[in-house]
Amino acid sequence: MSVPQGTSGSVEISEQELALATRNHGMPLEALRHEITPIGLHYLLIHYDIPVVDAAGWRLEVGGLLERPLELSLEQLRARPRVTAAVTMECAGNGRASLSPRPLSQPWLLEAVGTAEWTGTPLAPLIEECGIAAEAIELVFTGIDRGVEGGVEQFYERSLSLDDALGEDVLLAYEANGRPLPPQHGYPLRLVVPGWYGMTSVKWLRSITAVAEPFEGYQQARGYRMMRSADDPGTPVTRMVPRSLMAPPGIPDFMSRRRFLALGPVDLEGRAWSGLGTIERVDVSADGGETWIAAELAPQRSPLAWRGWTWAWEPPGAGDYELCSRAIDSAGNEQPLNAEWNLKGYANNSVQRVPVQVTDQR
Ligand SMILES: Nc1nc2c(c(=O)[nH]1)N[C@H]1C(S)=C(S)[C@@H](COP(=O)(O)O)O[C@H]1N2
Ligand SMILES: [Mo]
């Protein structure tokens, strides 16, 4: 079991990326064993600072091109119809740090995902009660958090078309896993948009505004676009493309995270999701993707959450293996061995590779 200690990999992280990485933690992949991610293990992505909000003085402003604008307290929101849903959320930048050249931003490997049980009130009936003016085409969701990005001072804010915003699954959530939202996940209220990459689910909501023009804020028009170069207008990042991840088996080496397994049958497990359909198949490989077989799928417990899979693997002998899995969804989207590079490093759903050393020493 010799692994060189203290050597760096090929990815050299800058101090700025390291500062982002320590603020925004991922979900350690062993937590894939939990169907619902304990909230402290759910990944975090915060562009600016986590605001401190006194819920007693906080109000949600619902206005713009609505016939009857509203201002709602947390208590009033909690008194509305209550829904709980397990929702898999993934950061659009998940996988970014493995792209070459590496786009400079939060340097995620594969851990920017989690599944929480979000409780809140459905957005659509609330907006419909306000009466949507005929000119309105989008809702803009604005957070309390403020910062500078791309040289622009801004609140974190993004929009959705009326169609997408009024989808039946879209929630204004005030609880995660049965407790009030923790500060880092958007206390007192956040948007949850199932199926879409996480940037859509605006935290620390202050307002929802109906507008007549496509929203051109930084996070819409400049951030979160699939671009080939700096002068490419690109296309918007929207729904999650399929991905499967494996809970790393055996035991890790402290520094390299390389896995060690004792020779014998082993139950491998993981979870797969897609914002473009449901998971229909997960294929697994022990030879780095040369040959594949179908994994066993667990029942789909929640339509908005990842689906578990298992693989009873019997390594043919001691030696080195590279374990892989890939998700295929009901719309026929298949996770690629290598996803295409893009300037900001979004939606890199290249197949995960888990090198393991199977040993016959006890
Ligand atoms: N107000 C606000 N909302 C936000 C963000 C933010 O920085 N500010 N980050 C977004 C991004 S990029 C992601 S991936 C998700 C992360 O949600 P989580 O930290 O609860 O996992 O929140 C989104 N909502
Ligand atoms: Mo994100």
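This is a predicted model: local features need pLDDT of at least 70, side-chain atom pairs count only at pLDDT 80 or more; totals for chains, interfaces and linings use all residues.
Residues are numbered from 1 along each chain as written, and chains are lettered from A and ligands numbered from 1 in written order. Local features need pLDDT of at least 70, side-chain atom pairs count only at pLDDT 80 or more, totals for chains, interfaces and linings use all residues, and side-chain values use heavy atoms, without hydrogens and water.

**Exercise 1.** Work out which residues surround ligand 1 and how much of the ligand the protein buries.

*Solution.* 
1. List the shell (a heavy atom within 4 Å). It holds 19 residues, and the closest are His-47, Asp-145, His-185, Arg-190 and Lys-203.
2. Sort by class. Eleven are nonpolar, five polar and three charged. Here Ala, Val, Leu, Ile, Met, Phe, Trp, Tyr, Cys and Pro count as nonpolar, Asp, Glu, Lys and Arg as charged, and the others, Gly among them, as polar.
3. Find polar contacts (N or O pairs within 3.5 Å). The Asp-145 side chain lies 2.7 Å from a ligand nitrogen. A backbone N or O atom of His-47 is 2.8 Å from a ligand oxygen. The His-42 side chain comes to 3.3 Å from a ligand oxygen.
4. Check burial. Alone, ligand 1 exposes 530 Å², and the protein buries 100% of that (Shrake-Rupley, 1.4 Å probe).

**Exercise 2.** Describe how β5 meets β6.

*Solution.* 
1. Locate the strands (DSSP E runs, at least two residues). β5 spans residues 138–149 and β6 residues 152–161.
2. Nine bridges join the strands, which run antiparallel.
3. Pick one pair: Leu-139 bridges to Leu-160 in β6.
4. Inspect the turn. Two residues separate the strands, and Gly-150 has a positive phi near 60°.

Key. A polar contact is a pair of N or O atoms within 3.5 Å; within protein, one must be able to donate a hydrogen and the other to accept it, and residues adjacent in sequence count only if both atoms are side-chain atoms. Two strands pair if DSSP finds at least two bridges between them. Helices (H or I, at least four residues) and strands (E, at least two) are DSSP runs, numbered from the N terminus.
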